[in-house]
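Let's look at this structure together and ask what its descriptions rest on.

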Amino acid sequence: MPRAKADSAAATLLAALCRRIRRDGAMPLDRFMQACLDDPVHGYRLKPQTIGADGDFVTAPEISQVFGELIGLWCAVVWAGMGRPAPVRLVELGPGRGTMLRDALRAAKAVPQFLAAATLHLVETSAALREMQHHTLQPGSRGADQIPRVAWHERLAEVPAGAAVIVANEFLDALPIRQLLSRDGAWCERVVEATPDGDLRFAAGPKIGRPDEAPPPDGAIWELRAGEDELLAALAARSAPHVALFVDYGPAGPAFGDTLQAVRRHAYVDPLAEPGTADLTAHVQFSVLAGKARTAGLAVDGPISQGEFLGRLGSAERTARLMAANPVRAAAIEAATQRLMSPTGMGQLFKAMVVRSPELPSPPPFG
Ligand code: SAH
């Protein structure tokens, strides 16, 4: 969108948010995120070009095809470990541009029985991205021949019953969070309020009770993500065997702190300025997710770092093979894999964790 148009859309959304806050009171953070991302006229998710070098942020499948290819082979191995059920639901949550699935399906051609058994289910709320996924996965588009039939869904609970292999890269971080702020030995809701001159600012909202344990130091922030509960309930409700892989950024152990981030054109920006023009996300608390999954009756493997996950799936071998097949691009291919594996970057910040039916064995590379 041209800058001037984006500015006026942001100003319109800002004014609408201020009016809504003055009428209904300050907004908890999850409602604010939802309002910026999903506003029917000026919401961020209406933008078609958000992911990739020309957009606002780049994800692992957009950096290297090795990522999607290894995930595709992983899906086939997991399916074999389930006893080769047919049909099997191959589900992706938040597929973005469809790049990971396209690369995954190309690699999975090595296991034709898996592709023959798979029906594809894309859980995606953005109409703009659904269109892009449709385009990427069309038979005939680069590397996308022999693609099984695709169905789109609003949420996981809509995916038909049956055995399922579910993958999600950078999906959980996009689900809205609430933030609780520690104040005088109690937790307050962190809210967004309107200033008299029509801007937005953070504030401490109503007290919501005392923490169960010793309260953390004043000013500490604890983040909650209700969307995970809905997702885990949908997984727990599936009676057929299922394995779900979540790859995302965030700490392995519990951590306090404000991790809300707004990203526009590959740079961090103020999450309250120019609403609707930046992607809003926050770190995934893997230990909390694991605890909630176990409480829901599911089994958990990991988390392990993305570097370890991809390394154990054979990223070095796959990269070497690609480099040999494309000598002109060898340096770029190697650099892209290194970016995914870097122990000071994505390789460590990102984690891979599996949530699955308890009767199944731990899938590779966890088991
Ligand atoms: N997995 C992709 C895209 C990550 S961005 C990649 O790695 O490139 C997050 C994706 O999740 C987008 O496709 C976004 O539209 C989708 N999404 C966000 N919230 C969602 C929700 N509640 N339900 C379904 N999809 C959602």
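**Pocket, sheet and helices**

The largest pocket has a volume of about 1000 Å³, a volume being the space filled by probe spheres set on grid points joined across faces, edges and corners. This is a predicted model, in which local features need pLDDT of at least 70, side-chain atom pairs count only at pLDDT 80 or more, and totals for chains, interfaces and linings use all residues. Residues are numbered from 1 along each chain as its sequence is written, and side-chain values use heavy atoms, leaving out hydrogens and water.

Q: What makes a space a pocket and not a cavity?
A: On a 1 Å grid over the protein atoms alone, a cavity is a set of points where a 1.4 Å probe fits but cannot get out, while a pocket is an open set with protein on both sides within 12 Å along at least five of seven lines. Lining residues have an atom within 4 Å of a point. Of the 48 residues lining the largest pocket, R45, T125, F171, A174 and L175 are the closest to its centre.

Q: Why do strand 11 and strand 13 count as paired?
A: Pairing needs at least two bridges found by DSSP, and 3 bridges join strand 11 (residues 261–264) to strand 13, so they are paired. Strands are DSSP runs (E, at least two residues), numbered from the N terminus. The bridge partner of Q261 is T281 in strand 13.

Q: What makes E228, D229 and L232 of helix 8 contact residues?
A: Contact means heavy atoms within 4.5 Å. These three meet L289, K292 and A293 in helix 9.

Definitions and conventions. Helices (H or I, at least four residues) and strands (E, at least two) are DSSP runs, numbered from the N terminus.
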